[in-house]
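Please walk me through the charged side chains of this model.

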Amino acid sequence: MVHLLAGDFNARTKNLDDYIPSDDIDYIFQCNTAYPCDSFCMPRNSKDKVLNRFGSALIDLCCTHDVHIFNGRLHGDTDGHYTCTANDGKSL
């Protein structure tokens, strides 16, 4: 089942990972368990170098619920271009 969140969350996430690298309990604790690790490992690019509290909350949501940000990953936007240009600057 695929779920999709879409919209403007006013979240500026910089280029932080929206997944937990090496999310494998065997790697962390050196033991064999039945923990379902996340095999997602696709770094994303972002020209935005700002992190705000909404961005931190979005990254936490992504890591907790195995949700991933498309911007900066998919064909046509692998460089993480700005999606908003306004009087007070640019953002994703």
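Asp18 and Arg73 form a salt bridge, with their closest N and O atoms 2.7 Å apart. The term stands for a side-chain nitrogen of Lys or Arg within 4 Å of a carboxyl oxygen of Asp or Glu. Asp18 sits in the segment before α1 and Arg73 in the loop between α2 and β1 (84-86), so the bridge ties together parts 55 residues apart in sequence. Both Asp18 and Arg73 are buried, meaning under 20% relative accessible area, where over 50% is exposed and in between is partly exposed (1.4 Å probe, protein chains only). Helices (H or I, at least four residues) and strands (E, at least two) are DSSP runs, numbered from the N terminus.

The model is predicted: local features need pLDDT of at least 70, side-chain atom pairs count only at pLDDT 80 or more, and totals for chains, interfaces and linings use all residues. Residues are numbered from 1 along each chain as its sequence is written, and side-chain values use heavy atoms, leaving out hydrogens and water.

The structure holds 2 salt bridges. Asp48 pairs with Arg12, again with closest N and O atoms 2.7 Å apart. Asp48 lies in the loop between α1 and α2, Arg12 in the segment before α1, 36 residues apart. Asp48 is buried at 4% relative accessible area; Arg12 is partly exposed at 23%.

Now Arg44, in the loop between α1 (25-29) and α2 (53-65). Arg44 is buried yet has no salt bridge. The nearest side chain of opposite charge (Lys and Arg count as positive, Asp and Glu as negative; His and chain ends are not counted) is Asp18, 4.4 Å away. The Arg44 side chain instead reaches the backbone oxygen of Leu16 at 3.0 Å.

Definitions and conventions:
A polar contact is a pair of N or O atoms within 3.5 Å; within protein, one must be able to donate a hydrogen and the other to accept it, and residues adjacent in sequence count only if both atoms are side-chain atoms.
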